[in-house]
Amino acid sequence: MSNHLLSLLIWLPVVGAIPVLLAGTGRPGLARWISLLVAVATFAASLALIPAYDATTGTMQLNESLSWIPSLGINYSLAVDGISVALIILTTFTQILVIVGAWEVIQNKPHQYMAAMLLLEGAMIGVFCATDAMLFYVFFEAMLIPMFIIIGIWGGPRRVYATLKFFIYTFFGSIFMLVGLLYLWHKTGGSFAISDMAAVHLTLTEQSWLFFAFLLGFAIKVPMVPVHTWLPDAHVEAPTGGSVVLAAVMLKIGGYGFIRFSLPIAPDASQHYEWLIVVLSLIAVCYIGYIALVQQDMKKLVAYSSIAHMGFVTLGIFIAFILVRETNNPDAARLGMQGAMVQMISHGFISGAMFSCIGVLYDRMHTRQIKDYGGVINVMPIFAPFYVLFAMANSGLPGTSGFVGEFMVILAAFSANPWIALFAAFTLIIGAAYTLWMVKRVLWGKVTNSHVAELKDVNGREIFMLSAFAAGVLLFGIWPEPLVHLMDASVARIVEQLAITKV
Amino acid sequence: MPSINDILILLPEIYLVVAACVLLLLDAYLKPGQKGAVHWLSILVLLVGAYLVVSGQPASSVSAFGGMFIRDGVSEVLKVFSLLITAMIFVYARPYLKERAIPFGEFYTLTLFATVGIMFLVSAGSLVTVYLGLELLTLSSYALVALNRDSSLSSEAAIKYFVLGALASGMLLYGMSMVYGATHSLDLHTIHAAIVGTEWKTLLLFGLVFMITGIGFKLGAAPFHMWIPDVYQGSPTAVTVFIGSAQKLAAFGMAYRLLSTGMGDAAGGATGLAPQWQLMLAVLAVLSLAIGNLVALVQTNLKRLLAYSTISHMGYLLVGFVNGGPDGYSASMFYAVSYALTSAAAFGMIIVLSRSGFECEEIDDLKGLNQRSPWFAFLMLLVMFSLAGVPPLFGFYGKLLVLKAAVEAGMLWLALVGAVAAIIGLYYYLRVVKVMYFDAPAEGTDVRATADAPARWVLSINALALLVLGFTWSPLLAWCQKAFAG
């Protein structure tokens, strides 16, 4: 059983989607319950990863390998390290809340919505488990199909535009990655195993081409400036659940791709172009923060803040090169990389929570414009504290998970170059500004709008959903140790590899 | 005198010719009420034919009639899939022909003869057999396109097809005559041997250019693609599906025989004219990818859209072919098989959703299909994503293999062109999905699957196979690789 734990995690939701679909339009209640059951079972199975995984070594564990296409050297090979385990649990956790969140909200073909969500979950877990580049690519692309459908059917008024943009943008990035992978396959002499690709020697020119091929694929996914423009559209038009999954998990796949592919396969090119990523990350942190400040639409505001926060992830990953190879400070590099990983998990909880909150408001008011709200705390006293908590976490308040990752990255950046740290630290001001200003305009003040006056407070289902997010945000804010411990050895291994040149 | 051995090698073809003649006679003597029997008998004939191909397959390549006819792994794969796909097409065609009162018996006999043409073409060992197979195939196809003779669109398509097809045949024949002049042989292997060290290189190159024109026409590769959109749109859909799927396998076989067997390939020391035709095919590939995809973007008619998409798919097929080695050929053949299966499902869907008096031909006709018929919308979604090459669907792996073949041949630029073309192509396939899933059904239309149960079942299996083969494509790839290994 434990030998096939990873396969179980991938295929349980995929197979579970079939009865959900069969339950059909006639029995939406049944479809909802089956999908909840599947999601909970997957979550339970993912928790079994914690005891099964030995966090002290940081190696790839729980290996499964089957020959898939022997003549091309493609294997169905799965394994996880600490980072994957953390991301898988984040995925399964978020998925339950997404299904709970959609319970009564999705009335149009709920069975198709739930089934698409489960298929998406399976593909996302597959991405985090795959150790074969082609298998990774298959999951990476397969993920797009259900998300395309989710945004397109259940999204807002401009959903078709947004979902086409989302799909084509992502496909655009990844197809060049595919050509890069084929080139690597050629160089390794017929292997798609990521470890073989990392072991093969490549000149700086080859590495640079590959680096940019991967950059295109993953930067669009993260998303980094200037290829971020699909994200605000996708977020605004997606249904709440779509936004939650997109922000909480799918964006992380970009960051995960960097540490799985770009760093080990093209370390010298990564070092060579590290300045580029650092500059783009700082632009994301500062400039996109300012853009978030002027947004009128709550979802758009959170979408832009996601881009800014993901800037910390790419910053934390790539300052490691400055620290390891130039200032020879591997401990700080480890801290920065660790911070990036914590930031990924923490942003998963916070952004998921923020989008869920906006979803709660949107379900009642059918508007996301900040100006339509005001004084919500007077009519929704239970909802308001949650909203404030998540907003505080979003602006990086100590004691919430949002603080931990950003602080670690800023500390590491300071060792690398105080100027980088200075610009990165801007986020503490801008982040607080845009989030708290939104809180002020939405929650505080007098009720001026008659629709706001009629708002009903959150029901039990919504309280459950928001409490679960809040628990995650507070737990990892006050006690990040288990999360750090889970990923520490794996991060250390990645940082060790950075020092080894491949030319 | 043909020996008994020759006859045994040709057994599947001989059997199919005899069976087609018997069916033709039978159709003439059957009462109108009993014509349905022809349908089931034809399918049976094809399935038995596929069985004969597989069961009589020799362990290694053999030839009959003094090298005129080759029976090897390549011909086996192509014949089996042509026969099976044609059988599938017969199932799709039945409700279509019945409702439109299109002559029943003629359709089956002509398609069977065309299939015999495909079988000769992919087994050809000499220029004469290539031409013979090609003419049998195309002459039957001209008649098939014109089958719905009351439709002016259908007649127009047939005339266009005939005139351009005859021109292409002429070009091919002219090229063949030059090759014959330079090498004094019609036998492809002899030509191959004669090319090395010949002093008639210029004449051979001219011959090659004309032959590639003929191949390009048959494949529908740009710039020889002009006939494709009109013929696809104008033909009865039951015929379009045959031209758009099984015939692509024939075109691949013809290109392989003429170029690799005949004009020399890149594998081994003696390269023959491989560098020359590789370059020409690379140009055709790039043009097809660009023209097919760009023009498809603006189509509103589904059949026309699929026609332009065919052109771009033939571009991919050629990308694999350019490699010029066993890996490249097997990638191309895999691509041809995957495309034939996918395209059969795409046109099959049009048939299943159409009914008498309503052709489900416009993209807008599919509006809101997910509301009316979620199952068929889902199947069409699979077909579209397979055509677009999105994993985990079958179509992706064909693209993967041809791009890999290009990278291996050191043509990274060609792989990048293929990648960019895939992005452009994605848009129009997504548009079809968008119409089915995101749009509300149009007022006053009622698009449902009205075809008879066998057609619906076979279509479901056909489309689901694209998903299943996306996970289990290893045996098929191994089969294709084995065909070129010897």
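1. Basis of the values. The model is predicted, and local features need pLDDT of at least 70, while side-chain atom pairs count only at pLDDT 80 or more and totals for chains, interfaces and linings use all residues. Residues are numbered from 1 along each chain as its sequence is written, chains are lettered from A and ligands numbered from 1 in the order in which they are written, and side-chain values use heavy atoms, with hydrogens and water left out.

2. Chain B as a whole. The secondary structure of chain B comprises 21 helices and 2 strands (DSSP runs numbered from the N terminus, helices being H or I of at least four residues and strands E of at least two). Its radius of gyration is 21 Å, close to the 23 Å given by the globule rule for 486 residues, so chain B is as compact as a globular protein of that length; the radius is taken over C-alpha atoms, and the rule is 2.2 Å times the number of residues to the power 0.38. The C-alpha trace of chain B spans about 70 × 55 × 40 Å along its principal axes.

3. Packing within chain B. Of the 486 residues of chain B, 64% count as buried (under 20% relative accessible area, with exposed meaning over 50% and partly exposed in between, for a 1.4 Å probe and protein chains only). Among the contacts in chain B with a separation of 6 or more, 79% come from residues 24 or more positions apart, a contact meaning heavy atoms within 4.5 Å.

4. The contact between the chains. Chain A contributes 35 residues and chain B 39 residues. The area buried between them is about 3,300 Å², with carbon and sulfur atoms giving 84% of that area; buried area is the accessible area (1.4 Å probe) that two parts lose on being put together, summed over both. Between chain A and chain B the count of salt bridges is 0, a salt bridge being a side-chain nitrogen of Lys or Arg within 4 Å of a carboxyl oxygen of Asp or Glu.

5. The chain A side of that contact. Strand S1 (61–69), helix H6 (133–142), helix H7 (144–154) and helix H8 (159–188) of chain A each supply at least two residues of the side that touches chain B. The largest share, 16 residues, comes from H8(A).

6. Salt bridges in chain A. The whole structure holds 19 salt bridges over all chains. One of them joins A:Asp233 to A:Lys165, with the closest N and O atoms 2.8 Å apart; A:Asp233 lies in helix H11 (residues 230–237) and A:Lys165 in helix H8 of chain A, so this pair ties together parts that are 68 residues apart in sequence. Both A:Asp233 and A:Lys165 are buried. A salt bridge also forms between the side chains of A:Asp488 and A:Arg334 (2.8 Å, N to O), where A:Asp488 is partly exposed at a relative accessible area of 24% and A:Arg334 is partly exposed at 30%. A network of salt bridges links A:Glu104, A:Arg364, A:Arg461 and A:Glu462.

7. A salt bridge in chain B. B:Glu13 pairs with B:Lys79 in a salt bridge, the closest N and O atoms being 2.7 Å apart. Because B:Glu13 lies in helix H2 (residues 11–29) and B:Lys79 in helix H4 (residues 73–100) of chain B, the pair ties together parts that are 66 residues apart in sequence. Both B:Glu13 and B:Lys79 are buried.
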